[in-house]
Amino acid sequence: METFDPTELPELLKLYYRRLFPYSQYYRWLNYGGVIKNYFQHREFSFTLKDDIYIRYQSFNNQSDLEKEMQKMNPYKIDIGAVYSHRPNQHNTVKLGAFQAQEKELVFDIDMTDYDDVRRCCSSADICPKCWTLMTMAIRIIDRALKEDFGFKHRLWVYSGRRGVHCWVCDESVRKLSSAVRSGIVEYLSLVKGGQDVKKKVHLSEKIHPFIRKSINIIKKYFEEYALVNQDILENKESWDKILALVPEIQQSFQKSHNSLQRWEHLKKVASRYQNNIKNDKYGPWLEWEIMLQYCFPRLDINVSKGINHLLKSPFSVHPKTGRISVPIDLQKVDQFDPFTVPTISFICRELDAISTNEEEKEENEAESDVKHRTRDYKKTSLAPYVKVFEHFLENLDKSRKGELLKKSDLQKDF
């Protein structure tokens with residue numbers, strides 16, 4: 001993908017919102033089949049405009065209103081908020097205390113900067129293929145738990161456009177959850193605890209929860225290549241002293257070993273001997289597991305998940321620093337997802353410009369709706385496969401909704 005020039009962003013956004021943004025699918029998602037009256041109209045949108053002008057409590061009657069406003073404002077960033085008791089754009093007219101957030105998807109935000117104490121290749125907003133594996137593991141661990149441990153069906157994973165991933169859990173029952181229940185879920189999914197001054201952030205007791213065991217099984221598939229080869233976490237004394245500080249029970253010199261792989265095997269043997277000596281087999285290999293978890297386990301922004309009224313960046317937003325589109329991630333191809341191949345707004349706009357004049361003239365003459373015209377536009381660009389992932393997610397939502405409606409109608413019948 002070509003490099004992105006931020007000075008081009010205003011003009012690129014005009015073209016993107018006019019011809020490439022997948023409005024019909026986007027509206028279909030947030031309208032949830034129109035089953036609940038005013039659901040879309042009571043949803044908060046927030047726009048960040050050029051020069052960091054921030055506008056909250058936007059709301060729209062329908063897809064057409066949303067399109068017109070986005071094309072008029074050309075937001076640099078779009079955030080999605082809760083469904084409120086009243087229309088957000090009328091919140092100032094509502095009696096004090098009456099304007100309340102009522103529903104929202106359960107959301108998760110995982111940011112690479114939260115791993116800065118354990119990744120050696122990059123820091124701050126920078127990412128590279130060597131550390132992106134952290135996001136791959138995070139998606140696999142959290143998604144498995146949401147699906148198997150909680151039974152949540154409709155999970156949309158989205159690349160943030162720069163250095164992290166978001167998850168939107170969209171089941172109808174989940175959207176109604178209280179802040180207290182959301183807090184309980186995110187606490188269940190959190191294991192790495194403590195600020196910068198805390199050396200050891202994972203503490204396992206003798207009773208290892210099945211969630212932790214299943215998470216470890218996922219980490220094991222990636223640990224050697226990610227931690228011991230790519231991150232080389234036992235490369236030198238400074239590195240291994242940092243790890244030995246996590247397991248003070250073991251004090252061991254690694255001078256004789258030649259690389260991280262050998263040193264890790266040595267550490268495991270020493271840990272095993274220590275555990276055998278204390279005659280407590282119930283612990284299992286918890287010393288090495290604590291290290292693996294501290295270096296690889298997902299680090300969630302808890303506050304994003306707890307609050308119903310918390311805003312989160314919208315899918316198909318454009319990241320103003322990288323120019324990359326915030327695209328859905330195919331859960332069947334998580335290992336193959338590469339943030340560096342995600343199209344930038346400049347790339348897809350230039351793809352669109354490359355359409356022949358004849359083809360454009362032909363399309364303009366076709367008696368088709370404006371929405372359909374736009375649909376064909378994004379299909380001619382690198383955005384198409386990502387919209388397809390989104391459409392597949394929406395189809396599953398539709399099937400589930402229709403199934404629920406059938407169940408309700410069957411229950412209401414008199415026999």
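Reader: Where does Tyr32 sit?

Author: Tyr32 lies in the loop between helix H2 (23–31) and strand E1 (43–49). Helices (H or I, at least four residues) and strands (E, at least two) are DSSP runs, numbered from the N terminus.

Reader: Before I go on, what am I looking at?

Author: This is a predicted model, with local features needing pLDDT of at least 70 and side-chain atom pairs pLDDT 80 or more, while totals for chains, interfaces and linings use all residues. Residues count from 1 along each chain as its sequence is written, and side-chain values use heavy atoms, without hydrogens and water.

Reader: OK, back to Tyr32. What's its phi?

Author: Positive, at about 45 degrees, although Tyr32 is not a glycine.

Reader: And is Tyr32 buried or exposed?

Author: Tyr32 is buried, with a relative accessible area of 3%. (Buried is under 20%, exposed over 50%, with a 1.4 Å probe and protein chains only.)

Reader: What about Asp52, what's phi there?

Author: Near 60 degrees, so again a positive value in a residue other than glycine, and Asp52 is exposed, at 67% relative accessible area. Asp52 belongs to the loop between E1 and strand E2 (53–58).

Reader: Switching to E1 then. Is Glu44 buried or exposed?

Author: Glu44, found in strand E1, counts as buried, with 0% relative accessibility.

Reader: New topic: helix H6. Which of its residues are buried?

Author: In H6 (residues 179–188), Arg182, Ser183, Ile185 and Val186 are buried.

Reader: How are the buried residues placed around the axis of H6?

Author: Down the axis of H6, they fall within an arc of 165 degrees (taken from the directions from the helix axis to the C-beta atoms), so they line one face of the helix.

Reader: What do the buried residues of H6 pack against?

Author: Three elements: strand E5 (106–111), helix H5 (172–175) and helix H11 (302–306).

Reader: Last one, H1 and H12. Which residues meet?

Author: From H1 you have Leu9, Leu12, Leu13, Leu15, Tyr16, Arg19 and Leu20. Across from them in H12 are Ile345, Ser346, Ile348, Cys349, Leu352 and Asp353.

Methods. Contact = heavy atoms within 4.5 Å.
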